[in-house]
Amino acid sequence: MKKVISTEKAPAAIGPYSQAIEVNGMVYTSGIIPVDPATGVIPEGAAAQADRVFKSMSALLESAGTSMANVVKTTVFIKNMEDFAAINEVYAKYFPEPFPARSCIEVARIPKDVLLEAEAIATKN
Ligand SMILES: CC(=[NH2+])C(=O)[O-]
């Protein structure tokens with residue numbers, strides 16, 4: 001049975017999707033973009049945008065009863081591979097070791113023309 005996860009501490013959906021779905025003890029987040037959920041502001045620069053994305057991811061997972069420590073896989077979509085190092089530096093602060101498996105891909109465009117979007121799959125235990 002799937003359960004919709006919803007929180008005001010992560011950006012609201014901007015299309016026909018749920019912020020996250022829980023099923024069979026696993027939590028699947030949608031791609032999270034760097035929008036401040038309280039103000040709608042998108043911070044400037046890759047590091048600040050990454051911080052906003054992973055802050056929201058952490059809050060979303062907490063609202064699902066899990067955490068960044070239980071993430072097993074992430075996907076990070078980035079607008080410019082030149083931002084790889086800056087994004088990695090922020091990323092490493094949000095995930096305890098051992099780090100989750102990850103794919104990181106440069107893409108042509110991301111909704112709202114932000115610099116990154118990231119999604120995660122986490123266990124509930
Ligand atoms: C931002 C996002 N997750 C979407 O699907 O548009």
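Modeller: **The nonpolar core**

The largest nonpolar core has 26 residues, and Phe-54, Met-57, Val-76, Phe-95 and Leu-116 touch the most other members. A nonpolar core is a set of buried Ala, Val, Leu, Ile, Met, Phe, Trp, Tyr and Cys residues joined through side-chain atoms within 4.5 Å. Buried means under 20% relative accessible area (1.4 Å probe, protein chains only).

This is a predicted model: local features need pLDDT of at least 70, side-chain atom pairs count only at pLDDT 80 or more, and totals for chains, interfaces and linings use all residues. Residues are numbered from 1 along each chain as its sequence is written, and side-chain values use heavy atoms, leaving out hydrogens and water.

Back to the core of 26 residues. At least two of its residues come from each of α1 (46-63), β4 (71-78), α2 (84-94) and β6 (116-123). Helices (H or I, at least four residues) and strands (E, at least two) are DSSP runs, numbered from the N terminus. Helix α1 gives the most, with seven residues.

Now take Val-76. Leaving aside residues up to four places away in sequence, Val-76 touches Phe-54, Ile-87, Tyr-91, Arg-102, Ser-103, Cys-104, Ile-105, Leu-116, Glu-117 and Ala-118. Contact means heavy atoms within 4.5 Å.

Next, look at strand β6. Ala-122 lies there. Ala-122 counts as buried because its relative accessibility is 0%. Ala-122 and Gly-65 are 57 residues apart in sequence, yet 10 Å apart in space, C-alpha to C-alpha.

How values were computed: Buried < 20%, exposed > 50% of the residue type's maximum accessible area, 1.4 Å probe, protein only.
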